[in-house]
Amino acid sequence: MTPALPPAARRILATARTTRFRAERAAAGRVGGGAQALIAPVHLSVRDSRTLNIAVAALPDEQAGRAHLIVSRGHRRFRIPLALEHHAHGGPLLTGTATLRDVRHEEGVPGSPRLSEGVWRLTVVTAGARGSVRRGIVVDGDTEPPPTPTLLHAPDPRTGTLIRVVRCRSGRAVLQVTRSRPRAELLRFVPGGDGITVHGRLVMTGTRRRWRAKAVRRRDGVTVPVGAVWEGADFSFRLPLAEMAGASPGQWVWDFQVEADTHADPLPLGRWLSDVRDPSAACPTPFRVFALPSGALVRAHAHFTKSGAFALTCWDISKETS
């Protein structure tokens, strides 16, 4: 069994991780090393931490046939070919798309970049009249995009790894890869006539632990065990509506956690690996009345909170309807 780290040790590890990211961003942001002036991209984005899209303007004296984008960190580097495209309302563009994979991904596309945690440089390489031309990419960090229903950056929905474009102090654009911490991700919940079935998946938790789920009453911490069925990292369970509504009279709000048979902290269940800014507003759910096998009637509301946590409000209304 692996005991949980004390809070002081977790803070030290978090500080060391932040310091390492700052040092790598400072090193990757340097414009020296033979690179020419930074260029502003026409488009640069990472979709769901999996797909990199780039478009830069092609210079007239460059040979675009051998143009490519280098993604590098230390001695590791990946080469992404760039294609020349002509647009009616602008000059020629060098465009490229690549599928990014982190080191823990099991279904990577052969030949696609597999990025480990850290900071990766982006360099556009073309062939000019005097040989190879290397240019870094600059991004504007002063303008804040308007708020939208979705976030600008989203983690990989399978691995939880977050890959996003970051601006260094020099203005140079880099990719910062952050590995996900252990999570309990809710995939879906299915209401039926006599109850609610929840389906979820563990992310970045390892395979040597045994797990169990429980419902925790938000007001006073009363717990009700949940009999989950496990298939590897995937799990499913029926909400114990009878036990939750019968814990005490009145309407209560319950949260759900998944915990290991070790001393590690429990994992809250929710929709975490998503780009939705406010899950409670984007996924509204109605109140429902469930007829339990015991004959009781329970009024329940399964929903997401603003942070993405999965919660349930329930109330035994058998007496009110009799």
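Modeller: A residue counts as buried when its relative accessible area is under 20%, and as exposed when that area is over 50%, with partly exposed in between. The model is a predicted one. By that cut-off E24 is buried, because its relative accessibility is 17%. E24 forms a salt bridge with R73, with 2.9 Å between the closest N and O atoms. This pair links distant parts of the chain, since E24 belongs to helix α1 (residues 7–28) and R73 to strand β4 (residues 63–73), 49 residues apart. R73 is partly exposed, at 25% relative accessibility.

A search of the whole structure gives 12 salt bridges. One of them joins D194 and R238 at 3.0 Å, N to O. D194 sits in the loop between β14 and β15 (196–203) and R238 in strand β19 (residues 234–238), so this pair ties together parts 44 residues apart in sequence. D194 is partly exposed at 35% relative accessibility, and R238 is partly exposed at 41%. Salt bridges with shared partners also connect R20, E24, R73, E117 and R179 in one network.

E185, in strand β14 (residues 183–191), is a buried residue without a salt bridge. The nearest side chain of opposite charge is that of R271, 4.3 Å away; a salt bridge needs the nitrogen and the carboxyl oxygen within 4 Å. Residues touched by E185 include G200, R201, V203 and L269.

Notes
Residues are numbered from 1 along each chain as its sequence is written. This is a predicted model: local features need pLDDT of at least 70, side-chain atom pairs count only at pLDDT 80 or more; totals for chains, interfaces and linings use all residues. Side-chain values use heavy atoms; hydrogens and water are left out. Helices (H or I, at least four residues) and strands (E, at least two) are DSSP runs, numbered from the N terminus. Buried means under 20% relative accessible area, exposed over 50%, partly exposed in between (1.4 Å probe, protein chains only). Lys and Arg count as positive and Asp and Glu as negative; His and the chain ends are not counted. Contact means heavy atoms within 4.5 Å. Lists of a residue's contacts leave out its neighbours within four places in sequence.
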